[in-house]
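Please read this report alongside the sequence and the model. It takes up a set of paired strands and then a pocket.

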Amino acid sequence: MLLGIDHGNYAVKTPAFDFVSGLAEHTVKPPMTDEILQYQGKYWTLSGKRLSYMRDKTQDDRFFILSLFAIAKELENRGKYEPMEKMQLAVGLPPEHYSLLREHFADYFNRGLVEFMYGGKPYRIFIDQVMVFPQAYAAVIPRSSLIVKTVRVFVIDIGGYTTDVLLLRNGKPDLQFCRSLETGIITMNNEIVRKVGALHDMRIEEEHISAVLGEQEIVLPEDIKVTIREEAEHHAKEILDQLRELQVDLRANPAIFLGGGSMLLKPYLEQSPLVIQADFIEDCHANAVGYEMLAKSQMNRKGNGKA
């Protein structure tokens, strides 16, 4: 089975699922939950509190274990649960890191036979192929109508910790022009938490910020909501200012925004005088879907249609 997985700093996404990139480790089987993964003698559960930012996600096994959760969920969802399943994984890296790190990233997941328990069921998977693709570019593949007639367009992925920028020329990625800025939504959240604490003497969490910016119902004083929105608007402007310093002028070039951060900042981005034309990909699963499409195309070119 072919599966695309988007390993975000804030959330892990597959074509059908998304969950916070958070894990809790247990030495004994935890009570009061069935969503337990047992791997190499330890028990793991998903957590609503994300892992601390890791520039290198391969430094330990945690993102691999998050991938096992993703695999088990997708096998169940696709009705493909078998005691043994051969897997091909399609994953991605920020465009700026792609050329340098893709082989290392593929090796991290390419572990051959893997055995684990999930939800009380035994799983034996054989990972026989790992394909790595540029993040952000993958997300626009299912929406080729946005780029096919455009000479130049910037794809801007505002994610958990980074804002990744890729230039497409006539629909093709120009990997000589790709940048990764540490201006993702986590950095914004950290500043908002600090600002609210300083101005209002109140401790809020990332969930509060997402709820306010997503216009969900939440019990917070109005002045705190105002502070959150003002800081989000300031963060959006800061991203656009940094892009201009990199000669990414969105007054002269159209943009495609994607990623969870883009959705939270959408009102401020699309109203900015620094953005002449913007499309938004609102599906948080877009990269994972794109990884699968790119992988299928690659496998078919090689005469290997297994999926």
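## Basis of the description

The model is predicted, so that local features need pLDDT of at least 70 and side-chain atom pairs count only at pLDDT 80 or more, while totals for chains, interfaces and linings use all residues. Residues are numbered from 1 along each chain as its sequence is written, and side-chain values use heavy atoms, with hydrogens and water left out.

## Strands around E7

Strand E7 (residues 42-46) pairs in the antiparallel sense with strand E5 (residues 23-26) over four bridges, and also with strand E6 (residues 37-39), again antiparallel, over three bridges. Strands are DSSP runs (E, at least two residues) numbered from the N terminus, as are helices (H or I, at least four), and pairing requires at least two DSSP bridges between two strands.

Tyr43 of E7 is the bridge partner of His26, and Gln38 likewise stands opposite Tyr43. In the hairpin of E6 and E7, two residues lie between the strands, and Gln40 adopts a positive phi near 50 degrees.

## The second largest pocket

The lining of the second largest pocket comprises 15 residues, with Lys49, Arg50, Glu205, Glu206 and Glu207 nearest its centre. A pocket here is an open set of points on a 1 Å grid over the protein atoms alone, where a 1.4 Å probe fits, with protein on both sides within 12 Å along at least five of seven lines; lining residues have an atom within 4 Å of a point.

Helix H4 (185-200) and helix H5 (206-213) each supply at least two lining residues, and H5 gives the most, with three.
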